[in-house]
Structure formats: C-alpha cells, structure tokens
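Reader: I am new to this structure and would like a close look at one part of it. Please take the places where chains meet, and go on from there to whatever lies around them.

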Amino acid sequence: MNRIQTLYKSIIGKKVIAAVTGLILFGFLLGHVAGNLKVFTGSNDQGIPHIDEYGQFLKVAGEPLLPAGALLWSARLVLLASVILHITVVVQLAMLSAEARPVSYVKSKKKAASLAALWMMFSGSVIAGFIVFHILHFTTGTIQLGEFEHGYVYNNLRSSFSNPFVAGGYIFVMVVIGVHLNHGVWSMFQTLGIDNPDRNKFLRTASTAVTMAIILGFIAVPASFLFGLMPEAANYAHDLLTGH
Amino acid sequence: MLTLDPKIPVSPIEDAWTFHKNNNLRLVGPKNRPKYKVIVVGSGLAGASAAASMGAMGYNVECFCFQDSPRRAHSIAAQGGINASKNYRNDGDSTWRLFYDTQKGGDYRAREKNVYRLAELSTSIIDQAVSQGVPFAREYGGKLANRSFGGVLVERTFYCRGETGQQLLLGAYSALEEQIAAKKVKMHTRHEMLDLVVVDGRSRGIVVRNLETGEITSHAADAVVLATGGYGNVFYLSTNAKGCNVTANFRAYRKGAGFANPCFTQIHPTSIPASGDYQSKLTLMSESLRNDGRIWVPRDADEKRAPKDIPEKDRYYYLEERYPRFGNLVPRDVAARNAKDVCDQGLGVGPTGYGVYLDFAAAIEEKGIDAVKSKYANLFEMYQRITDDDPVETPMRIYPAVHYTMGGLWVDYNLMTNVPGLYAIGESNFADHGANRLGASSLMQCLADGYFIIPVTIGDYLSRHESGDITTDHPAFKETETAVRERVNKLMAVKGTRSAQSFHRELGKIMWEHCGISRNKESLEEGLRKIPALREEFWRDLKLPGDPAELNQSLEHAGRVLDFLDFGELMCRDALLRDESCGCHFREEHQTPEGEAERNDEDYAFVSVFEYKGEGTEPELNKEPLSFDALPLAARNYKT
Amino acid sequence: MRIKLHVWRQSSRSDKGHMESYELDNVVEEMSFLEMMDTLNEKLTVEGKEPVAFDHDCREGVCGMCSMVINGEAHGPKSKTTTCQLYMRHFDDGAEIFIEPWRASAFPVVRDLVVDRSAFDRIIQAGGYVSNHSGPKPDPNSIPIEPNIAETALDAATCIGCGACVAACPNGSAMLFTSAKASHLGLLPQGQPERFDRAKSMVSQMESEGFGSCRNYAECEAQCPKGISIAFIGRLNSDFLKASLVEPIDRRGDMKAQ
Ligand SMILES: Cc1cc2nc3c(=O)[nH]c(=O)nc-3n(C[C@H](O)[C@H](O)[C@H](O)COP(=O)(O)OP(=O)(O)OC[C@H]3O[C@@H](n4cnc5c(N)ncnc54)[C@H](O)[C@@H]3O)c2cc1C
Ligand code: HEM
Ligand code: SF4
Ligand code: FES
C-alpha cells in the first residue's frame, strides 16, 4: 500500500495509473463492443433478440454463486472507480503541466505531437460527458429520446437511433473515443515501459488496428439502425426474458 | 628574477613519480582535509576531475566556471580521442613509447619526467573513465576499440564516436556533481575570476564577478588551482569555444606567476575554412579523418573542374609525395604548414583560395561506404550541416586553424606555479606538450593532472601550512576587489564607438598575420607595433552598452579582449625571442632546405618563462633549462 | 538577405519582458544563426542600444549552451541541429523570424534569451553518476560490454543538456533529459548497482524542480538536437516502476517462520 501511495505521488506513477485505468476502460470497451454486436445476430426461437438476452444475462451473471446483480455491480464499481481515478490523475497532471509551462510562445509550432495526443483532454472530456449521458439514456432511461422500456434493449436502440440526431451524435462521440484511443492505447505501452524500438512499429499498428475495430464495431450499431437496415423486433412479454 | 625550482625527482625516469610520491610528498590526513579549503577555477576536464577527486578525498572545495553549468566547459568539444598506452593492439606500444612519441612530438621542449609521468598515468585514466560509465567504443567481443591518431605508429587512441571529450567531460562532471550533492564541493556557475589575491607571496584566493548580477566578491582559500583552459582565442578565429580566454592566467601572471612558452600555439590542419568576415569561429574536423582521407590540391592553379572530375594525374597529393612514410598522417604542424604553403602557391581551393581537399573516395572504394560512414558519421554530418556539401559525394575542404595552446603558467613537477599555493592544471599550464602537442594527448593530460596528480601533490603544500588562517576581511582582498571594480568602471567609462567584438576581430587578424603558422623577425616586430596601437584605440574608442550591475555580455567580452591585447604582445615577444624553429613554432629564418623546422638545441633548449614587471614595462625572460637524459635529443624527421 | 526579427527582450528575472522587432539587411546565407545574432548585436551596440543577451559557447553543437526558440521550434526549423549549427540558408530572403527563450517555470528567464538551467544540474546531483573515487580501477576489458549496448548507452549519453526537450514540450516535462542520463548509466554494467535508486531519485528531483508530466507527445524527440529517442523515456518508466513496485525496500529485515 505504501508503495502504491508513493507511486501515486510521483508523476510517472500518476501516468501509470492513467494507463492502468485506461487499460481497464479499454477492456470494458472491448467487452462492450463484443456484446453490442449481438444486435446483429437476430433473435432466439422465442423471438427475443439476442441483445436483450445478453442484457438480462449480465444482470444475473454469477448466479447462483453470487446474488443476482453482484457481478454486474462489482464490474460497474470497478469501472466507476477507474473512470474517476483516470480523470483525477489526468486532471492533476494537466494542472502540473500548466504550472510547468505558464508562459506560452508567441509563435509556436509542433514537429511531432499528433492532434490526437494534443487533444486528449478534449476528447476525454467529451467521453466523460458522454458516459453520463449514455447511462441516463440507455441504462436508466432518464433521458428520453425515443420510446424506452427497461429490458427491451433492441427496441430501445431502434427507437432512439432512428432519430438521425441521436444516431449522428453517437457516431460522432465514437469517433472521438477512437481518437482518444488511437493515442491512448499506444501511450499506455510507452507509459508502462513496454514499448521499445524493436516492437514500436508493431505496437503502434496494433493499437490503431484494435482501436479502429472497436470503433467501427460501435458505429455499426447506430449506423445500421439509422439507415433502416435493422428489422423490427417481435413483441414479447417481459417475463419470458426474466423467466418469472 | 623568478625562482624556478622544477622539483624534479632525482630518480630514474621509470619510477620517478612513485619515488616522488613515496619520498618527497607529505600528505594531509583524512581528518584534517576538511579544514583546508581549495578553490578550483574551471570545470573542464582538468578542473572537474580535480575538484571531484579532491572533494572525494575530503578537502573543502569550491569550484568556479563562467558557463551556466560545469558540463559546458570547452573540453566538451574534443572530438577525436584520448591516448593511453594500454597496448591492447599488441602493436608494440608501451609507456616508454608514448613518452617517446610525446616528447618527440613536442620537439624536445618539454620536461622529460613530466612527460614520462603523463605516459605512465595514461592507462589509469581509461580505467577511471570506464568505471564512471564513459561509453568508449567497443569491438564485437565487447573489448575496448582503438584507432590511430596523427603522427604515431601504434593504435592507442580510445574514442567515443566523434565525441570523446564530451563523454569524458560528462564522466568528470558526474563525479563532480556527486561531490556537490555530497556537499564536499560547492559550485559557482556563471562566475568569472577577474583576479588572484596574493598575500605574503602566497596565493590566498580570488576575486570573481557574478556574471548574472554583476556583483564582485572575494573568496579566500588555502590553495588556488587554475584549470581555466587555453587561450587560442587570442587569434579571434580558432576552434576554441567562444568563451575561452586568457584572463585567469593573465591575471595570475600579473600577480607574479611566470608565464611559460606563450608563443607555442598549435595550428590544427583540418578545420573547415572560413567563409566570410562575419565568421565567428572555426569548426574542427577531427584529425582522425586523416586516417582515411587523402589530402590534395589541383596541380594547376587555374583548375576549374569540380574535384570529382579532376583525374589522378592532375591532383597533387602533396603530403604523400613530400612525406612518403607518414603520408597524410604527418604531425599537425607539418600538415598545417604544407597546407598554407600550397595555398600560398595559389593552388588552394574554395571561394577564398584558402582550402585544400580531404578526399574519402579511395577509402570508400576500399572499405565500402558503410564502413567509412559508420566511422565518421557525425563528422560528415557536421561538415554537411555547415557547408551544405556531402563528403561522400565531394571531397571536404579544410584549412588550418588555431587549435591549442601549449604555453601556459609555468609549473613545477607538482603542478604548482612559482607563486606558492597557486596551481595550474590542464591546458592552462605549460607542462607536458613542449612545442607541439600530439593528437589525443590533451584530454589525457587534463585528466592525469586532475584525477591523479593534483590530489596528491596539493597535500604536500597544504600540509606545510596552517589551514583556514585567512578570511576575505584581509586588506589584500579589499584592495584587489577595488582594483577589479575600478577596471570594470574604467571600461564602462570609455564611451567610444566600437564594440569589443570589433577590437577582438582586429587583434585576431594581427596575431594570425604576425604570429601565426609561420613567423619571422620583421613581421613579429610589426605585430609588436600594431598591438599597442590597437590597445590605445581600445581605451579611446570602446563602446560598452548596458549596466555593469547586470548580466552584460559586452562587458565580459571587453575584459577578455583587454587581457588578450596585453597577452598578444607577450606572445609576439616570446616568438621573437625564440630565434629557432621548433614544433609548431616555425621561424622562417630557421628551416632546412626542404622547409623543415630547424631546432637550435644549443641555445634554446629551455622553457621561456616571462615575469610581469608592471604596466608598460617589458616583461623579463627567465629560463628553465631542459635536460635530456632519458631520451637524447634527435632531429625530428617525418620524411623517412 | 534581408530579414525581420522579433526578439524577446527582458532585462532581468523580475522584468515582465516583451517582443521587440528589428530589421537586418546585411545577412548572408553562409552565416550561422548566431553569426546573424552577432551582426544584430554589433548593429545595436553601434547604435547605442543594448545588445541581445544569449547563451552560446562552443558554436559547434556540443556544449548545449545555445538555446533559442526560433519560429516556435526549439533550436529552429532544422531537425537534429542546435541553434549554433543552424545556417541562414535555411531561411528565405525577407523572412520574418521570431526568437524566444526556452519557456518553462523550471527554467526562469535570466535576461533576454538567457535562461537558468541549473535544475538540470540538480537532477544529475540526485543520481546521475556512478558513485566513485579517483584511483586504481580494474582493467576495463575485464568487463566486456556488448558493442550494441555500449552504443545504445552512447546514444543516450550524447545528450548535451541543452533543455530543448523541455522547451519543446507543451507540458514542460524534462523526461527526455532525465531518461537519457538514467539510461546511459542504467544500460552499462558500471551503473547497475545504483540503477533503481537512481531512477527513483532522479525522477523525484525532476518533479521537485517543477517540470511537468510527460504525455508521450514525442515533441521532445523531434526537437532534440541530438535526436535522443523517447525509447529512453520508456526505459526510465519501466525502471521507475520496478524500483517503486518490485525492488525490495527491506531486503535485510527480520523473518519468522509460520
Ligand atoms: C575542437 C577541439 C577538439 C579537440 N579534440 C581533442 C582531442 O580529440 N583529443 C585531445 O586530447 N584534445 C583535444 N582538444 C584539446 C582539449 O579539448 C583541450 O585542451 C582540453 O579540453 C582543455 O581542458 P581544460 O580542462 O584544461 O580546460 P577547458 O575545458 O577549456 O575548461 C576551462 C574551464 O575554465 C573556466 N574558466 C576559464 N576562464 C575562467 C575565468 N576567468 N573564471 C572562471 N572560470 C573560468 C571555464 O568556465 C571552463 O570551465 C580539442 C580541442 C578543441 C578546441
Ligand atoms: C472509455 C473511456 C476511456 C478510455 C478507454 C480511456 C483510455 C485511455 C488510455 C489507454 C490512455 C493512455 C494512458 C497513458 O498513456 O498513460 C488515456 C489517456 C488519457 N485519458 Fe483516457 N480513457 C477514457 C476516458 C477518459 C476520460 C473520461 C477522460 C476525461 C478527461 C480521459 C482523459 C485522458 C487524458 C487527458 C489522457 C492523457 C493522459 C496522459 O498522457 O498524461 N480519458 N486514456
Ligand atoms: S535530451 Fe536532447 S533536447 Fe533534451 S537536453 Fe538532451 S540534447 Fe537537449
Ligand atoms: S553553442 Fe554550444 S551547442 Fe550551441
């Protein structure tokens, strides 16, 4: 614990925390996109869309070993902690940097820094805002941008994303996430001291490739609904899903 | 008359240093060392290594330099390498041979036993540097690599690409920083020594100007070590860093220290030629290039073709033709004089006509482009950056430039000047290189002085004196401080029209013309007339903008130029009095029919030591006779 | 050539400073950038104005003294080149050139273009050395070093301590400099005993000097006149992590059996 504290106090340590929490969030995104793709796999023989089943599965995963929802909530806690930590350290680091460079140049020019790298704070802020919005939209249904009913994931998506502004907004944010990750994933390797000239090319290509794959996967969902490529789902009774 | 006791140990040369340490030198015990304060002025190889070593021993050391960090001393710029007689190549090298080469290279104008000690310590320097983490070049098996360097027949030069000085200095600097962190050494950066304080004939401290605030303060000590480098910048254009100066040495000279062999200046044969009047310094191309480059000029003065298109028969490989045995590897002075000679004949190349080709075509053909490039990568890059030409495509153009000054404060075998308690080490003393320095030997000398000699010899002096028996309250400090302030104010008060820079440039031209590659009586006498005239104008027409109580680079420069003006005169005087040719000191009156330097051992086998006699009075020449017991005098001959 | 200069002028640490403009018409292509500055200063001196203070010494790209941000780039537009090695042929006739000092709170401006870089020395004091005394040492060939490793160490040791990396970094980070020194020693056998302590103490000194945090922009590498690679930053990160998380703190403490 002592070690973690000292690590946290140092600027490299803070970066490492950004990297590790970034990695956790990145892992979440991977899982999330894999789950999302179930939108495209259709329905089971009872007419329940796979994505709805999947949503339900997440709620009960871990049963009977653990009480229902325990796993989901633990995961949510870890993610929440990660997001908070990630934001805390990057904000702290950004403040340090602002102090370290209080006067800017009259004329300034960059030789190497990519826009993605320079705009991490911006892309991150968009993501942060989006996370809140996204939860209020599809998880709690607090923000109503179409018809919403708990558990009917497919229909909720279909209803919201038929609105071009909602779909467009989501697509835009996904691109922003992609930009964040394009620098973020490679940066993580560098921060953890995993990158070196031997692997640099591979790690950079791989980071971009994986990021692209994730983002295209995410974008596919709103885009497909928007362009009317997705069939209407059958109406089914809610207890069919929960088994009650 | 100065008392010049060289304190040479009476013992066979092979074990003179050991004998001296065992029998002649007193030591200071570890408990007493912290009580002694030693000031080291300079943080180059000599100063940093000395300060670090003495700090580690426990002395209370204060170190000064005028740059913003000790790591920036001029030593950082040395490119080629450092000699050591390790004999890793099994090519017959030995302490004796390095001694022989150095003494012969110096044309027998150095003190034998000093030179032998230098050769003896050379191997320990490499060991020391490696233990600090200096990343010398290695061979495939992981052992240290060597290359050969101008004027010798063995491969004994250790190197780090073309940045040997940088790596050695970073090693010494890191050792110094270790001692600074340990609070054994206190570092004063951006401080310039402007005078020496002498009390009762002993050196007791210095007066410095804080270059940032203009504050002038005194520092007292039990001993003062000057490691302030060389004074090649008296020529304005030289390969030295812009800040190199003679001020510290010259101030010490004015306070009674003898100045030895001031006219011995090494002209380096391979530097990039000047391109115009605005030129501020000359860039050296390491001499190691001569290992693979062939030097030539067109045979025809009217040659118009591009160098590549000139066929072999129309090329004059003048060094290979004139000196078949050593060819392009003749000693520096020989190479330099021959370059000047062919250019004076009108065969020179480049826009100014003062340049010769250094051609790598043959080496590239023989060894392959990659082998040549890997050896000289950063030198080629440097050349291309400056001239816009790629040496792989077209031959380099080179010309001699002032590079190193063998002269310096006179010191005895313990590296102490004739002022008790005042030491001079590194390039700032005169000791080991005679009338000419062998390539890659200066780094060696600076580090031998700093790591191994001064830490031992200084104890002998200190142990004979009470520690800490003086403070800056002593009137001598106040007096010197006042004198320094007055000088600053006097400079500020001239209020003429010309910058210090313009005077420096003009002095440089005078020195190059009258006291340069080759010298003669008339020309030296003319120089001796021109310099005082210029100094007079300096005092009449100098313009110094700004405030002396602030960072004021014009003022710093003016102070240095003023000392150069006085010193330039001393140089010409020495060159005039030394009526022989030896090493790099080439008096046109004394040459063989083939144009070789002709030494006069009968009359001039001595060290010229000048004694300050007051403003406007001619300095007095003192002589330290040299004896040649171990290595009998022989004429230098690089022809066969 | 004719050029227009905009130069930062500041008379002391406490002065606010401002940009001032000058015109020069006697510039030639073969001049180095600093020779152009000399020309400007000569002109200012003769006109009775104060010349521009700037640091310089070797003028051949090794002492690390020169330090100008030229048109927004540390050491100017040519890569792997110090200010003193930059030539006017890299500028067009009629060019407008902005010259500013290194900007970082750890490098306070002393006057005009001169900054105080003593923070770098203190980082070295924190551990940028192999603890050592002068005296007899083992023969270097008794510890062979793979040439590739020696060369990589030399790549790192090539750093001239100019501070361009800090000046170039939008975060004012000194990671490139610090990592170059730590890696130089950390790669060599001589530097092993202190390797992990060195990483920790140099980084902590770097922090207390007020340098910012590295965000992997690689701007430092691009503007470093010696092309020092950010690979060394990765190395230092990794050494620092090992030092903080893995290396035993209490190697020699008591132990009991269960
Ligand atoms: C371009 C070049 C290449 C070279 N290459 C080689 C080579 O390959 N091999 C070799 O053996 N030699 C080489 N030499 C020679 C060698 O580099 C120098 O002789 C040697 O480095 C001098 O070291 P030093 O410690 O005596 O002085 P310097 O390194 O010059 O240090 C002088 C120190 O004194 C300080 N100082 C000076 N005056 C004052 C003052 N008034 N007040 C306060 N501080 C002061 C400076 O700040 C500095 O710290 C080369 C020289 C040049 C110019
Ligand atoms: C899905 C959510 C997110 C993921 C997957 C993610 C991923 C990452 C990764 C992998 C890094 C690289 C870490 C490193 O190099 O050390 C990173 C850096 C960064 N992230 Fe995020 N991040 C996310 C959300 C956010 C949020 C909400 C912010 C809010 C401000 C943010 C701001 C930043 C910043 C500023 C950096 C750069 C840190 C630095 O280099 O110093 N990120 N992110
Ligand atoms: S890493 Fe490069 S930019 Fe930074 S101090 Fe070293 S040489 Fe200068
Ligand atoms: S003046 Fe030395 S690096 Fe530029």
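Of the 2 pairs of chains in contact, which chains share the most contacts?

Author: Chains B and C share the most contacts of the 2 pairs of chains in contact, where contact means heavy atoms within 4.5 Å. This is a predicted model, in which local features need pLDDT of at least 70 and side-chain atom pairs count only at pLDDT 80 or more, while totals for chains, interfaces and linings use all residues; side-chain values use heavy atoms, with hydrogens and water left out. Residues are numbered from 1 along each chain as its sequence is written, and chains are lettered from A and ligands numbered from 1 in the order in which they are written.

The interface of chains B and C comes first. Here 76 residues of chain C are in contact with 75 residues of chain B. The size of an interface is often given as the accessible area lost when the parts come together. Between chain C and chain B the buried area (the accessible area, with a 1.4 Å probe, that two parts lose on being put together, summed over both) is about 6200 Å². Carbon and sulfur atoms give 49% of that area. Asp57(C), Glu60(C) and Asn141(C) supply 10% of the area that chain C buries against chain B, more than any other three residues.

Side chains of opposite charge can pair when their charged atoms come close. The rule for a salt bridge asks for a side-chain nitrogen of Lys or Arg within 4 Å of a carboxyl oxygen of Asp or Glu, and across the interface of chain C and chain B it finds 9 salt bridges. One joins Arg161(B) to Asp155(C), with the closest N and O atoms 2.7 Å apart. There are also 46 residue pairs in polar contact between chain C and chain B, both residues at pLDDT 80 or more. A polar contact is a pair of N or O atoms within 3.5 Å; within protein, one must be able to donate a hydrogen and the other to accept it, and residues adjacent in sequence count only if both atoms are side-chain atoms.

On the side of chain C that touches chain B, the elements that each supply at least two residues are α1 (33-46), β6 (109-111), β7 (114-115), α2 (118-125), α3 (147-157) and α5 (175-187) of chain C. Helices (H or I, at least four residues) and strands (E, at least two) are DSSP runs, numbered from the N terminus. With 7 residues, α3(C) gives the most to this side. The residues of this side divide into 35 nonpolar, 19 polar and 22 charged. Ala, Val, Leu, Ile, Met, Phe, Trp, Tyr, Cys and Pro count as nonpolar, Asp, Glu, Lys and Arg as charged, and the others, Gly among them, as polar.

Chain C also meets chain A: 41 residues of chain A are in contact with 54 residues of chain C. Chain A and chain C bury about 3700 Å² between them, with 60% of it on carbon and sulfur atoms. Arg3(A), Tyr105(A) and Lys111(A) supply 21% of the area that chain A buries against chain C, more than any other three residues. Lys111(A) also forms a salt bridge with Glu73(C), in which the closest N and O atoms are 3.1 Å apart. Across this interface of chain A and chain C the rule finds 2 salt bridges and 27 residue pairs in polar contact, both at pLDDT 80 or more. On the side of chain A that touches chain C, α4(A) gives the most, with 6 residues. That side divides into 22 nonpolar, 10 polar and 9 charged residues.

Chain A and chain B do not touch, and their nearest C-alpha atoms are 20 Å apart.

Within chain B, an open sheet of 5 strands has the order β11-β15-β14-β12-β13, with antiparallel pairing; two strands pair if DSSP finds at least two bridges between them. Its edge strands are β11 (265-271) and β13 (315-316) of chain B, each pairing on one side only. Strand β12 (residues 294-298) and strand β14 (residues 356-359) of chain B run antiparallel and are joined by 3 bridges. Trp296(B) stands opposite Tyr357(B) in β14(B).

Over all chains the count comes to 73 salt bridges. One of them links Asp601(B) and Arg109(B), the closest N and O atoms being 2.8 Å apart. Asp601(B) lies in helix α16 (residues 601-604) of chain B and Arg109(B) in the loop between α3 (95-105) and α4 (112-132) of chain B, so the pair ties together parts that are 492 residues apart in sequence.
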